[in-house]
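Subject: Structure for you to look at

Hello,

Here is the structure I promised to pass on. Please open it and keep it beside you while you read my notes.

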Amino acid sequence: MPGLRGGRLNMAADAGACYLSAMPALILPLIEVMAYLPVRGALIGLDLGTKTIGVASSDPDRRLATGVETIARKNFSTDAARLLVLAAERQAAAFVLGLPVNMDGTEGPRAQSTRAFARNLARLTQLPIALWDERLSTAAVERELIAANVTRARRAKVIDQHAAVFILQGALDRLARGVMSH
């Protein structure tokens, strides 16, 4: 388990030295992150909830998003340590963080909280952090799960992970269109 050293997580032992950063990672809109990504490499999608973090991962060719797990939030250090381990296990190239923008395009408290999480995570990794508008992702996933007759109790357990898949797949589809238009 990584430990705290000088107020910062020491990820070198668990997640590889490349995940411990002297300079904060880039935090950019999804399309701007493209310029900093290698040709191949998985992306880790995150749906930040107040109680849980839904995690998804793509394949190295960035075609398909699949659910990884739902992290029960404890504190930032513990949550970040788990995210960095998951990224290292998948040899991730970047994080894609769902940004909960309001329907009118403004950013409320949840978006500000997400940006703060991104800034804190950026201090612990060199992996770029892409912000992706996740408006209605949880509502869309909820509708899909209801349509599939998933019980309310089961939906509560899987919704954040499914939302992370929804967010990441949307980002992958947008990246694919961006590559084709170049």
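N75 caps the N-terminal end of α3. One of its side-chain oxygens lies 3.2 Å from the backbone nitrogen of S77. Please remember that this is a predicted model.

Stay with α3, residues 76-89. Several residues of α3 are buried: D79, A80, A81, L83, L84, V85, L86 and A87. After the helix comes Q91, with a positive phi near 50 degrees.

Now the whole protein. It has 6 helices and 8 strands. From the N terminus, the order is β-β-α-β-α-β-β-β-α-β-α-β-α-α. There are 182 residues, and 46% of them are buried. Take the contacts between residues at least 6 apart in sequence: 65% of these join residues at least 24 apart.

Next, the sheet. It is open and has 6 strands, in the order β3-β8-β7-β4-β5-β6. The pairing is mixed. Which strands sit at the edges? They are β3 (27-29) and β6 (65-72), and each pairs on one side only. From one strand to the next, the twist averages 30 degrees. In general, strands of a sheet pair through backbone hydrogen bonds, either parallel or antiparallel. Here β7 and β8 run parallel, joined by 5 bridges. Look for V96, which stands opposite A130 in β8.

Two helices meet this sheet. α3 lies across β4, β5, β6 and β7. It runs at about 155 degrees to β6. α4 also packs on the sheet, where it touches β3, β4, β5, β7 and β8. Its direction makes about 165 degrees with that of β7.

Then the nonpolar cores. Nonpolar side chains tend to be buried together in soluble globular proteins. The largest core in this model has 26 residues. Which of them have the most contacts inside it? They are L46, I53, V55, L83, F95 and L97. At least two residues of this core come from each of β4, β5, α3, β7, α4 and β8.

F95 deserves a click. Leaving out neighbours within four places in sequence, its contacts include I44, L46, L83, L84 and A87. L121, T125, L127, P128, I129 and A130 are also in contact with F95.

Is T52 buried or exposed? Its relative accessible area is 17%, under the 20% cut-off, so T52 counts as buried. T52 is found in strand β5, residues 52-58. Beyond residues up to four places away in sequence, it touches D47, T70, I71, A72, R73 and D160. T106 has its place in the loop between β7 and α4. With a relative accessible area of 38%, T106 is partly exposed. A polar contact of 2.6 Å joins its side chain to that of D104.

Best wishes

Note on methods. Residues numbered from 1 in each chain as written. Predicted model: local features only at pLDDT ≥ 70, side-chain atom pairs only at ≥ 80, totals over all residues. Heavy atoms only, no water. Helix = DSSP H or I, 4+ residues; strand = E, 2+ residues; numbered from the N terminus. Buried < 20%, exposed > 50% of the residue type's maximum accessible area, 1.4 Å probe, protein only. Contact = heavy atoms within 4.5 Å. Core = buried A, V, L, I, M, F, W, Y, C linked by side-chain atoms within 4.5 Å. Pairing = 2+ DSSP bridges. Axes fitted to C-alpha atoms, helices over the stretch in contact; angles between N-to-C directions. Polar contact = N/O pair within 3.5 Å; in protein donor to acceptor, adjacent residues only side chain to side chain.
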